[in-house]
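Q: Please take a close look at one part of this structure. Then show how that part sits within the rest.

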Amino acid sequence: MELKDADETPSFRAFHCIFIAISSGLGPLMTGQLVPPVATATRVKVAKMAVDTQLLPALNRLVAALVDSEASGIKRLAAAARVNDPAVGPLNQEQTPRAATVEYCGVCIRAFIEAAMGPDADRLRAVGLPEAVASSGVLPRLARCMMVVSSVAAELDEALTAAAAAGRPGGSRGASGSRGNGGTVVRVHREGAIKQIRRVAAIILQLWDGHTAAIQEAAGRGSAPAAGGKGAEAATLRWLEGLLSDPCVQHFMLQHVMAQVAAADGGSCYGMPPRLVLLAPEPVLPESDAMRLEISNYDPFHSFMAAAGGGVDMPLLLLDLVYTVVAGWTVHGRPPAAAAAARGGGADGSSGSAHQSLQWPPGAPWQARNVFAMVENGGHSGLLRRPQVPVRGMQGLLRRLVNVCLASLVPGIRRHLRELQAVRGGAASSVSLASLYTPAHTEPTATGKAFPARGSLMCATRAVLLAFSNRCLQAQERQRQRQHLQQQGGVVPGSSPEPEPQGDIRALWIPLVRITHACVDVAIVTRMDLGECGFDKTGPAFGAADADTKPAMYNEAVDALRFIERLMSPCGGLRLPRLPPAHNGLFTLLPEAPNGIWEPLDFGYIPALERLLRALHRTEGSNRELGHRSLGGFGLFASHFRSFEPTWAAAFAYGRPQEVASLMATSATVMRLMMSYVVGVADMTWDPEYTTGAVLAARRRLPGEMAMRRRLIRGPNLLQGMLTWLADSAATADSSPAAAAAAAAGWAAAAAEAPGGAPPAPGGLVPGERWWQRRWRQAAAAATGGASSSTSSSSSAFDWGVPQPALQALALCSFTLKRWVFWMARSGRNLCVMAQKAAATASGSAVSQHTVAICRLPDSPAAQADDDLDHIGTQTRTALGAACCVFRAVPVIVHAHLQCKEFAAEARQRADSSGAEAAAAAWRAAAAAAEAEAESWKHLLLDFSHASCFELVAEAAELMCCPVASRAVGGEHVRWALYALLHLAVAFPEEAARELKKHLVPSPFFSQGPSRPAAAGPVPRVTADAALQAACIQVLGLQDTGAIAAEFFLLGRLISNGRSEPADVESLKAGFPLLAPWCCVGKRPDALWARRVGALLPPPALAGELVGVSADMCANRACVRMVGDSAAAVTLSRCGGRCGGAVSYCCVECQRTHWSAGHKEACGKRAAAPK
Ligand SMILES: [Zn+2]
Ligand SMILES: [Zn+2]
């Protein structure tokens, strides 16, 4: 049929009427909306008839012909308007019959699609309806035609507007009264385009809803809709994804997103005719609703938009389509079956291959929730595609989208904040506008227009995820090409030794930081706890079986959080760049941050991470802490703090010291929180009252979560990695090139200034100046009279003789060491005690068989190695692993302490020998300062008010001697315990004698258990070294233990005498060479490692000063409060009591707790002492 000028031909008019009549009946018939409803059999018959008669291909051709004709008609009008041709006929206010026919074609097509997804989908599939829809290409045709229509409509608009502007309104020529107002004409054409475009958009939205529903349905049944699946839902998914990923449909969607963004931010349209940005986006909802951040889960915006097919007030651009499109581009299927199997059975997560380590942590919520993931695309059927847009162009568009979305959030945040402040009583509210990041850091869009608030956060988050995944895909593609070229034997152009698997992600740090803050902001103003995410522990949602998939209350922050956590995590998200291999040691750091490292550090990644971590783990005992399936657990924390070198070495050297220190303080607190939860599990298995609850909790937990936590506690973790890095750095300082570098940097020069002109010993191990002693020396020297050097040395400008990156890294290491050892020692002791209880349970002394079964070591080797289970094997491994982490740090701290002591002794000597009074006083002051620092190192190890390292050794030794636990005890456990105990006993013999006699251990030779009836009376008790000796014989055998018998002899003498001989101190300084081969940290075995590292570390108070965060901690030992956004911002207030401010607290509650926990006596005693 020739449709050119068809509107005027009578045959077309007749066809038009009949077609409209048929299609207005067909639509409701197929969708089941006719009243009374048509029988299914009839609908199936109609569908079969449509398939048999090739109705859909016919519709395709009809749409093509109609739009072709319509477009040429409009083009002619535009051309005439441009030359102001009076011959142009009057424009109809009404839609042309052609346009109306296209619209009714859309009605038919939508009805068929809706029916194919509806309740009778199976029977309609049987007659071939879905295939007919797909193969006819009618939906792509419609999408393509909409682009034609909007383009010619824009052309006509431009022509008419130009004509009107030139003062040549067509109406003056008298052709038609209706053209008198140019605006009306423009409006008519816009409305025609709007209606048609909206119809196509509604179809796409409907397809997307069908897609989501199909996936959720499959997820609800627990079956993965696999690509090769033959099931009904697999077929539906393939069909839907095929329709959605058609290039024409994709193009239509891309254009829609572009236009929407351009309309809001007034920026570039990427070559699209500017007039295509027809109407600015306007919130369809009332303003108050547009600013609401919360939306109900069961009120899809989609259905509303899809149902409201027309109307003048509707904007052309459907914002919801933008959200849908971005969601569609980020979708992809479950991880491949192989990856799932690897994470299910892998007990050795730490030593896995590179690919496996990327999948770590295994219990991450983004893997448990199957709907959205990234990196690969293809949807669940492997068909879903993204538009072929250059990555750079796509990235620019997505970044603009993020900006618009975040700008759209600000009014909502302000509104909720006002409500919040009203609830809490204005000024009394702890939340102020100034404490929120997003309102302060977000500019309004250039046009002042914005999207509705709801949906914006999610859209922004998805956009960042999408941009990141595009980068990864591109990098993978390049790598594939490179490999292909190599296989072909060709020369690889510009091959770098280590291709970056993520591509160039530098531009993504800012949007990532911004969405992270936005998520926390939104949670704060909507009074949501990110650790709970709307789950009330006692509410029905918690107990219900489907609590995981159907949260009672949807809130955007919950969904966005999953994506943000993934993006923030180095496993699967953006990774902080590593230091270049030649410059990753302490002595080889470059003076400035290498390329690519400064961006994340400069753009505020570290404070954002800290703020998020604090928000996630603020509540003790939250659902997140319990490892709830929907909320996740400690995945974000674990993925960041399971190592030191790749991530943190760079941040320590080049980050802003205060930010990094603050994050480290927070990380230590989170570690403590995590460890206390693991302790809690042991507690539950021990206490018969908890049995059922514990079993249920274990079932509901995120799989892999407990294993991940236990591995982090055992190490590798941040603390262990940091010591290794320091030890490796100190060891390489011996080798000539690095030593030369260090000398040039002033390190070795400092060592050469040793008193008495002694030649510097290798490794800087002279009893002379450590770099951190410089200020004391200079102050003393100034007093002596030789005050030529820096007279007014403010602390910031002071020359420590150490390059800035190394200085900062060392200060941060010292700071971090203190915080982590503090908590790990205490929690490690608790873990040991709880593991002992579990051992007692496993040996059959529990009331309930349930608990015995949980605690006993299982028979199967796989279950024995499974850290997710709560049996005695994992409990013991975890507890001893935590203890060993502390034991590795003990020698370093002992040496650091001794070196402060050495300086103090030297200073006192100088004071005594000095003639001048001023000089003597200055040296005495220096000695006092050094003594105070030595004391604070010692206090870290031997804080008797909570748990000293002696107690930790004793508890660990007792655990090692439990018969049921002994299978999990390894050689490293006994050796490290012995090594640490030797250091402690030689350095602090008096305390060793006292404490070890206080913490006696049941004699391993008469251990409790089945072999010994309980009625046989009390078990004799021995000191920890004796128990350790027995454990050594058990684990290492008699011969190997005999080789270190001298060490045990030394220990015994120290403990009984309570004092050490000079020779003992000498062997301590030599690093106990008998044990050293096994107790060594770093790649190069060296007995002096601990002394070297200790020499590098600045003492605690100085470290606190250098990093700009107080070294003090809240004196309440149970304090895990994470108030505010950063640890640095928390101001501690000193005790105003009679102790004279010896202790300080983060809050009044902590002071109260500590007062009743013992400070009452301490504060009183000190005041009572005569002075
Ligand atoms: Zn006090
Ligand atoms: Zn506190």
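A: Gln-836 touches Glu-955, Glu-958, Leu-959 and Cys-962, leaving out residues up to four places away in sequence. Contact here means heavy atoms within 4.5 Å. The side chain of Gln-836 also reaches the backbone oxygen of Glu-955, at 2.9 Å. That is a polar contact: a pair of N or O atoms within 3.5 Å, where within protein one must be able to donate a hydrogen and the other to accept it, and residues adjacent in sequence count only if both atoms are side-chain atoms.

This is a predicted model, in which local features need pLDDT of at least 70 and side-chain atom pairs count only at pLDDT 80 or more, while totals for chains, interfaces and linings use all residues. Residues are numbered from 1 along each chain as its sequence is written, chains are lettered from A and ligands numbered from 1 in the order in which they are written, and side-chain values use heavy atoms, with hydrogens and water left out.

Gln-836 sits in helix H34 (residues 804-845). Helices (H or I, at least four residues) and strands (E, at least two) are DSSP runs, numbered from the N terminus. Gln-836 is buried, at 13% relative accessible area. Buried means under 20%, exposed over 50%, and partly exposed in between, with a 1.4 Å probe and protein chains only. Ile-872 is 36 residues from Gln-836 along the chain, and their C-alpha atoms are 8.7 Å apart.

Now the core. The largest nonpolar core has 295 residues, and Met-30 and Trp-648 touch the most other members. H34 gives the most to this core, with 22 residues. Such a core is a set of buried Ala, Val, Leu, Ile, Met, Phe, Trp, Tyr and Cys residues joined through side-chain atoms within 4.5 Å. Beyond four places in sequence, the contacts of Trp-648 include Ile-606, Leu-609, Phe-641 and Leu-718. A second, separate core has 11 residues, among them Cys-1139, Tyr-1145, Cys-1147 and Cys-1150.

Next come the charged pairs. Side chains of opposite charge can pair when their charged atoms come close. A salt bridge is a side-chain nitrogen of Lys or Arg within 4 Å of a carboxyl oxygen of Asp or Glu. The whole structure holds 39 of them. Lys-901 forms one with Glu-931, the closest N and O atoms being 3.2 Å apart. This pair links distant parts of the chain, with Lys-901 in helix H37 (residues 872-913) and Glu-931 in helix H38 (residues 917-941). Glu-931 also meets Arg-908 in a salt bridge, at 3.0 Å from N to O. Arg-908 lies in H37 and Glu-931 in H38, so this pair ties together parts 23 residues apart in sequence. Lys-901 is partly exposed at 33%. Arg-908 is partly exposed at 37%. Glu-931 is partly exposed at 21%.

Lys-48 and Asp-52 form another salt bridge, with their closest N and O atoms 3.0 Å apart. They are 4 residues apart in helix H2 (residues 40-52), so about one helical turn separates them. Asp-52 is exposed at 52%, while Lys-48 is partly exposed at 41%.

Finally, the whole chain. The protein chain has 47 helices and 4 strands. Buried residues make up 56% of its 1171 residues. Among contacts between residues at least 6 apart in sequence, 81% join residues at least 24 apart.
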